[in-house]
Amino acid sequence: MIVMSVVTALVLLVLVTQAGVVAVQRAFPPQGRMIEVEGAVLHVVDIGPREAGLPIVMLHGASSNLEAMRRPLGDLLAKNHRVILIDRPGHGWSTRARRQDSTPQVQARMIDEALRKLGIDRAVFVVHSWSGALGARIALDHPARVAGLVMLAPVTHPWRGGVGRYNELIATPVIGPLLAYTITLPLGYFVTEAGARNVFLPQTMPDGFVQDSATPLLLRPREFIANAYDLVTLKESVAAQVARYGEIKAPVTIIAGEPDKTVKTGIHARPFAALVPNAKLIVLPDLGHMVQNAVPDLVKTEIETMIGNIVPAQAAAD
């Protein structure tokens, strides 16, 4: 009788999860085009004027999708620049064939291929949080693609501790899918907003952020599992690339906050700036993790300043 009750409960949770997936995907449909690359299909939103000089490629962090970079920063930039927003492999409406393709190295190769198919030779990359490691990897492995790199509260170095017991469980074979396909989505509806508020601290989360950023897409089982793999493999990935940071030749601007408790500036942004030859570090007091939301005008100014410096330098080189 107990076994039957457990099985019945699991079946009901699976059905609830599947109904939730359908509802979430209807609420937040894809906004761009799909580009096939080796091992993935990437969802890309291309906004702004096409003939506006260097394009800007924006890459989101963990537990999010391209909408987290689009509003407000991407839309601000798109008034005068071509802006390419990409759902990282496995996130948002992008897929990936293997959950294990979670490393910055693999995702850098996929994004480089997508940009080649879009006909984009060089771009300024704007990366947040998890994608700090990804942006650094693109600059290392595909340097011709990177005209400049703007990093917002980036992850760049190994840190003490893990990434949360639940993420470790979700990345565990058998147990992870069982949890993801039963309780993650129903439970997530109750904790998503509180979790998002914590990431913003000490800033206040904007009203409607969870909906505007399409955050509920994360609760779908396949994306939640992909996100967990990204997180549990990240420390080993950054440890493997730290020794190469001195090879980055592109100009780099890093913007971070001293009180950021999600990605600590003293562990990541400061050491990274010390290793990269052409790095500019901006550390602001009272700035939390969501840099692109808290100070979008400052970020926009720094991006445009970088582009303004790159274009004359490139013209002189040519």
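## Salt bridges

In this predicted model, the structure holds 21 salt bridges. One of them joins the side chains of Arg-137 and Asp-141, with a nitrogen-to-oxygen distance of 2.8 Å; both residues belong to helix H4, where they lie four residues apart, or about one turn of the helix. The two partners fall into separate accessibility classes, since Arg-137 has a relative accessible area of 10% and is buried, whereas Asp-141, at 28%, counts as partly exposed.

A second pair is formed by Glu-223 and Arg-220, whose side chains meet in a salt bridge at 2.5 Å, N to O. Here Glu-223 is buried, with a relative accessible area of 0%, and Arg-220, at 1% relative accessibility, counts as buried.

In helix H13, which spans residues 296–317, Lys-300 and Glu-304 are four residues apart and therefore separated by about one helical turn, and their side chains meet in a salt bridge of 3.2 Å, again given from N to O. Lys-300 counts as buried at 18% relative accessibility, because the limit for that class is under 20%, while Glu-304, with 27%, is partly exposed. Elsewhere, salt bridges that share partners join Glu-67, Arg-70, Arg-71, Asp-75 and Asp-212 into one network.

## Packing of H3 against H4

Two packed helices are described by the angle between their axes and the distance between the axes. For helix H3 (residues 104–118) and helix H4 (residues 131–141), the angle is about 65 degrees and the axes are 9 Å apart, which means that H3 is roughly perpendicular to H4. The crossing in which H3 passes H4 is right-handed.

On the H3 side, the contact is made by Pro-104, Gln-105, Gln-107, Ala-108 and Ile-111, and on the H4 side by Ala-133, Leu-134, Arg-137, Ile-138 and Asp-141. By class, the residues of this contact divide into six nonpolar, two polar and two charged. Arg-137 and Asp-141, which take part in the contact with H3, are also the partners of the 2.8 Å salt bridge described above.

## Packing of H4 against H10

H4 also packs with helix H10 (residues 234–241), and in this case the axes come within 11 Å and cross at roughly 35 degrees. The crossing of H4 past H10 is left-handed, whereas that of H3 past H4 is right-handed.

The residues that make the contact are Ala-133, Ala-136, Arg-137 and Leu-140 of H4, together with Leu-234, Val-238 and Gln-241 of H10. Sorted by class, they comprise five nonpolar residues, one polar and one charged.

## The surroundings of Gly-39

Gly-39 is placed in the loop between strand E1 (33–37) and strand E2 (40–47), and at 28% relative accessibility it counts as partly exposed. When residues up to four places away in sequence are not counted, Gly-39 touches Arg-96, Ala-97 and Met-110.

Definitions and conventions: Residues are numbered from 1 along each chain as its sequence is written. This is a predicted model: local features need pLDDT of at least 70, side-chain atom pairs count only at pLDDT 80 or more; totals for chains, interfaces and linings use all residues. Side-chain values use heavy atoms; hydrogens and water are left out. Axes are lines fitted to C-alpha atoms, for helices over the stretch in contact, and angles run from 0 to 180 degrees between N-to-C directions. Helices (H or I, at least four residues) and strands (E, at least two) are DSSP runs, numbered from the N terminus. Angles under 35 degrees count as roughly parallel, over 145 as roughly antiparallel, 65 to 115 as roughly perpendicular and the rest as oblique. A crossing is left-handed if the near helix is turned anticlockwise from the far one by less than a right angle, and right-handed if clockwise. Contact means heavy atoms within 4.5 Å. Ala, Val, Leu, Ile, Met, Phe, Trp, Tyr, Cys and Pro count as nonpolar, Asp, Glu, Lys and Arg as charged, and the others, Gly among them, as polar. A salt bridge is a side-chain nitrogen of Lys or Arg within 4 Å of a carboxyl oxygen of Asp or Glu. Buried means under 20% relative accessible area, exposed over 50%, partly exposed in between (1.4 Å probe, protein chains only).
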